[in-house]
Amino acid sequence: MEPFKRVEGVAAPLPAANIDTDVIMPKQFLKGIDRAGLAQGAFHDLRFDEAGAPRQDFILNQAAWRETRFLVTGPNFGCGSSREHAVWGLSQLGIRALIGTSFAGILFDNCARNGLLAITLPPEEVEALLALVSQPKTNRLTVDLETQTIEGAAGVWGFEIDPSRRHALLNGLDAVGVALARADEIKAFETAHLKRHPWLA
Amino acid sequence: MSPPRTLYDKLVDDHTVARLDEDGATVLLYVDRSVLNEYTSPQAFTGLRDAERKVWRPERLLGVVDHVNGTAPVRTDRMPDAGGAGQVAYFGRNCRDFGIELFDILHPNQGIEHVVAPELGLILPGMVVAAGDSHTTTYGAFGALGFGIGTSDIEHMLATATVVYRRLKPMKVEVTGRLPVGVTAKDVVMALISRIGADGATGCAIEFCGDTIEALSVEGRMTLCNMAVECGARGALVAPDDKVIAYLSGLPRAPKGAMWDAAVASWRGLKADPGAVYVRHEVLRAEEIEPMVTWGTSPDQAASVLGRIPDPAAEAAPSRRRDAARALEYMGLEPGAPLESVRIDRAFIGSCTNARIEDLRDAAAVLRGRTVAAGVRAMVVPGSTSVRRQAEAEGLDLIFQAAGFEWRQSGCSMCLAMNDDVLAPGERCASSTNRNFEGRQGAGGRTHLMSPAMVAAAAVCGRLADVRRLGS
Ligand code: SF4
């Protein structure tokens, strides 16, 4: 996993509430057995019309947001299906962080597993950021995980994050490897657990 | 004495292998059981293969083909498209190579994972079940903590029998009183979602309680816990009672003999302690709940079928006004029109929310002696092949077919339309499923969620209709 330390780039506003993972990654892109080709699928029906031409009214198709690295989102971003394809697609599109008032639980975890930083801020701060990044002149942000800050043209915002999640993202840790290092502990737990609940053995 | 604990706390404590931070907010959580499907698991297995890792205790696991298969009335092992065929083939190989039991497409137990696992007795009270599908919350009906995980976490769970888990906040939802005739568990959960919003329980695990919940059947509780994820809950629990124990008793994979007695004795203790603290407490009155339908593109955009399509202009917050207006535009609906005036093209009874035997009985009771309105294409996709067999044994298939419904094979089908069961752009569907998102049932398709009996009523009337007004 690519570590996240400090990233600078363009941020795009996506203020609608409840943007679900069917919209982030439509079903026609879920038929693979690998992770390839999902950049094309990300927000597909918002980005392209029926003929496959880019929709000019969609923010990510506009010149000032071509190189978007961050999305400032409406509430409950990523609700719905557990499909991690949504997060893989966002990453492949170049998105490194999401900033919003709330994220759906599964998507929030999927982000962390893929080096995508999901930042939760109070509504008034998200409103301020939405206003800021809606203007081409002020749409660049710097997100720093070490200092836990977002820097924009109109100020600096601090954010909170779980210490364990921060550590994993900063170091790009392989979570499976980390857990397997505790295999003995898991084994001991399991033995005791199955003894307490023998019908599960 | 230790402080009183919620049922949720007890389940998490009982499965905590290690605390991963100082306050115990993040833990390494042991997973008793998981169910895998062909579309969210492939990259997890590839990850294991690439790292040359094994599956930890494969006997904890079950593989079921359900998402991409066709549901044509005559079953074959051909998939509708090459992508799906590739996923099913790779899934078969992975289950074989890693020693995981598989219900392939022609298996007599095949069906939607959340229908199949409970009906076999694989889901038991007190378990933690993490699986690659958001509706894993269904298992809360048994007092098991079920939750959805992404593919990276599936890989983690396969390799280590654990997931890195962040504790949720327990929330209590109490439903009291008698449900009116024609009002079901689906209507209860839809009423809850419309009240608290699509993110109303984000970060929370819901514990359902109250006499209305106690009066629900185990299948009704599955519907309730299944759809709780649509208000953001990543866990929904009902304390197991005699009904759950009776339901499990004698199921093929449930414990037997002395082991059963020991299990039942332990399950009796699975309830919240008196005085346990919840971050939030919602109370619903059963008498006030009416048959619900959605009008928008988020499950919380719902109302009583007797209501009208809301006017976005009435929304105070500009963002909500914008979202509602966009939803109505997508749905092709006019503010102010009665919901009962909305005409439909399709009717679909299926999905892990509402395609169990009781759901099919409810719908068939409405359809007996009636026919589907001209111009409506209606289909039933049983939740599992066992449910299909049971329905045929009861003659329900004949009632559906006499009414003009297609009687199909099991799978997720038009719940997410990853197979060839899809809405055409602009088609409007009365659906017993769980998500009315844009394009969920096919690009440009328009979904109205409701109970199976309400789908049957809509099919007969050719428009959204209150099942109670049809009479019997
Ligand atoms: S029936 Fe629908 S909601 Fe249930 S597992 Fe299948 S696709 Fe998911």
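Biologist: Before we go on, how should I read the numbering and the model itself?
Modeller: This is a predicted model, in which local features need pLDDT of at least 70 and side-chain atom pairs count only at pLDDT 80 or more, while totals for chains, interfaces and linings use all residues. Residues are numbered from 1 along each chain as its sequence is written, chains are lettered from A and ligands numbered from 1 in the order in which they are written, and side-chain values use heavy atoms, with hydrogens and water left out.

Biologist: Which residue forms a salt bridge with Asp109(A)?
Modeller: Arg234(B) does, with the closest N and O atoms 2.7 Å apart; a salt bridge is a side-chain nitrogen of Lys or Arg within 4 Å of a carboxyl oxygen of Asp or Glu. The pair crosses between chains, since Arg234(B) sits in the loop between α8 (218-227) and β11 (236-238) of chain B and Asp109(A) in helix α4 of chain A. Both Arg234(B) and Asp109(A) are buried.

Biologist: How many salt bridges are there between chain B and chain A?
Modeller: The count between chain B and chain A is 7 salt bridges. One of the salt bridges in the model pairs Asp22(A) with Arg440(B), their closest N and O atoms being 3.0 Å apart.

Biologist: And how much area is buried between the two chains?
Modeller: About 5,000 Å² is buried between chain B and chain A, and carbon and sulfur atoms give 57% of that area. Buried area is the accessible area (1.4 Å probe) that two parts lose on being put together, summed over both. The contact, meaning heavy atoms within 4.5 Å, takes 70 residues from chain B and 56 residues from chain A.

Biologist: Switching topic, which residues are around the ligand?
Modeller: They include His67(B), Asp133(B), Cys412(B) and Arg440(B), where a residue is near a molecule if one of its heavy atoms lies within 4 Å of it.

Biologist: What about a salt bridge inside one helix?
Modeller: Arg388(B) and Glu392(B) meet through their side chains in a salt bridge of 3.4 Å, N to O. Both lie in helix α13 (residues 385-393) of chain B, 4 residues apart, about one turn of the helix. Arg388(B) counts as buried at 12% relative accessibility, whereas Glu392(B) counts as partly exposed at 33%.

Biologist: Last one: is Ile123(B) buried or exposed?
Modeller: Ile123(B) counts as buried, at 0% relative accessibility, and lies in the loop between α4 (113-120) and β6 (128-131) of chain B.

Conventions
Helix = DSSP H or I, 4+ residues; strand = E, 2+ residues; numbered from the N terminus. Buried < 20%, exposed > 50% of the residue type's maximum accessible area, 1.4 Å probe, protein only.
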